[in-house]
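Please look over the sequence and the structure before reading on.

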Amino acid sequence: MAGEPQADCLFCKIVEGNIPATIVRETETTLAFRDINPQAPSHVLVIPKAHHADAASLAAAAPELAADVLREAGHVAADEEIVEHGYRVVFNTGAGAGQTVFHAHAHVLGGRGLQWPPG
Ligand code: AMP
Ligand code: ZN
């Protein structure tokens, strides 16, 4: 059920503390941690603690939580000092777009020049 922890979900396990992560920010509703395979000098994932499969279903089921994730993405960018040069917030949605973990997450990427359009 939306919002409930999923036994087979990697990011639910990180929220529960069963898989280690380098946590950079935490709120009552969100967690931000470094991507294990960084694609930029700063690459942090921001997730809702509650399980939602992707950004659209998160926004539909829990709009305030979606706002929490976006707000935290901004705080991460400020903490990482990547605001001035610009950064990207990405929600890969669907396997065809590269989504591999089906627990909504914002990639916050910065610290280098970012191409547009992305690949
Ligand atoms: P996506 O491909 O958009 O679903 O993003 C999933 C991201 O999770 C990828 O960028 C992975 O590198 C990252 N990832 C996978 N396992 C871990 C982990 N244990 N800790 C941190 N990041 C992870
Ligand atoms: Zn999950």
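## Polar contacts of the ligand

A polar contact is a pair of N or O atoms within 3.5 Å. A nitrogen atom of ligand 1 is 3.1 Å from a backbone N or O atom of Ile 36.

## Basis of the model

The model is predicted, so that local features need pLDDT of at least 70 and side-chain atom pairs pLDDT 80 or more, whereas totals for chains, interfaces and linings use all residues. Residues are numbered from 1 along each chain as its sequence is written, chains are lettered from A and ligands numbered from 1 in the order in which they are written, and side-chain values use heavy atoms, with hydrogens and water left out.

## Residues around the ligand

Around ligand 1 there are 16 residues (each with a heavy atom within 4 Å of the ligand), of which Asp 35, Asn 92, Gly 98, Thr 100 and His 107 come nearest.

## Overall fold

The protein has three helices and five strands, taken as DSSP runs (H or I over at least four residues for helices, E over at least two for strands) and numbered from the N terminus. From the N terminus on, these elements run α-β-β-β-α-α-β-β. Along the principal axes, the C-alpha atoms fill a box of roughly 40 × 30 × 25 Å.

Conventions:
Polar contact = N/O pair within 3.5 Å; in protein donor to acceptor, adjacent residues only side chain to side chain.
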